[in-house]
Amino acid sequence: FNQISVNPLYPGPERRWGVFAVVNAEDRESIFDWFNISGGTEDFLNGINFTGMLALHNSDAVISNTSFLNTYGDDALNIKLGKADISKSFFKGNNSDAIDMDVSSGSTIRKNTFIGNSSNC
């Protein structure tokens, strides 16, 4: 398998990047498997406030074997108006919430590891 990594070219808070976002995926489910994301923050783009380094708006997802490290924004993972199956993932050193779900139901969070986040969920 091949892992996908999204991280800053240079480490440190002065080099943080914005967000990786999925918006209005409708009936399609996004799959993040062996996805590593670090060093992002939050952003306001095209009239949408993205508070998660990985932001899913009105979009469902399956997230597994994924690492969320050192976000400088509000959330490492933010889900608005969607649901997710989050498993076997790793959340470490995130600034505020490791996971934040807004107006979401039907999600599952299982077999994840949370270390040194300001808030886990």
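## A bridge between two strands

Ser67 has Phe90, a residue of strand S12, as its bridge partner. The model shown here is predicted. Ser67 belongs to strand S9, which covers residues 67-69, and strand S12 covers residues 90-92. These two strands pair in the parallel sense, and three bridges connect them.

## The sheet around them

Strands S9 and S12 are part of an open sheet of five strands. Read across the sheet, the order is S1-S4-S9-S12-S15, and the pairing is parallel. Which strands stand at the edges? They are strand S1 (4-6) and strand S15 (113-115). Each has a single partner strand, so one side of S1 and one side of S15 are left without a neighbour in the sheet. From one strand to the next, the twist averages 5°.

The loop between S1 and strand S2 (20-23) contains Pro11. Is Pro11 buried or exposed? Its relative accessible area is 69%, and the cut-off for exposed is over 50%, so Pro11 is exposed.

Pro11 can also be placed relative to Val22. The two residues are eleven residues apart in sequence. In space, the distance between Pro11 and Val22 is 25 Å, taken from C-alpha to C-alpha.

## Thr51, a buried loop residue

Thr51 lies in the loop between strand S6 (48-50) and strand S7 (52-57). Its relative accessible area is 12%. Buried means under 20%, so Thr51 counts as buried.

Which residues is Thr51 in contact with, leaving aside its neighbours within four places in sequence? They are Glu42, Asp74, Asp75, Asn78 and Lys80. With Asn78, the side chain of Thr51 makes a polar contact of 3.4 Å. A polar contact of 3.3 Å joins the side chain of Thr51 to that of Lys80.

## Two residues with positive phi

Asn46 is found in the loop between strand S5 (43-45) and S6. Its phi is near 50°, a positive value in a residue other than glycine. Asn46 has a relative accessible area of 80%, so this residue is exposed.

Val103 lies in another loop, between strand S13 (97-102) and strand S14 (108-110). What is the phi of Val103? The angle is near 50°, again positive in a residue that is not glycine. Val103 is exposed, with a relative accessible area of 67%.

How values were computed
Residues numbered from 1 in each chain as written. Predicted model: local features only at pLDDT ≥ 70, side-chain atom pairs only at ≥ 80, totals over all residues. Heavy atoms only, no water. Pairing = 2+ DSSP bridges. Helix = DSSP H or I, 4+ residues; strand = E, 2+ residues; numbered from the N terminus. Axes fitted to C-alpha atoms, helices over the stretch in contact; angles between N-to-C directions. Buried < 20%, exposed > 50% of the residue type's maximum accessible area, 1.4 Å probe, protein only. Polar contact = N/O pair within 3.5 Å; in protein donor to acceptor, adjacent residues only side chain to side chain. Contact = heavy atoms within 4.5 Å.
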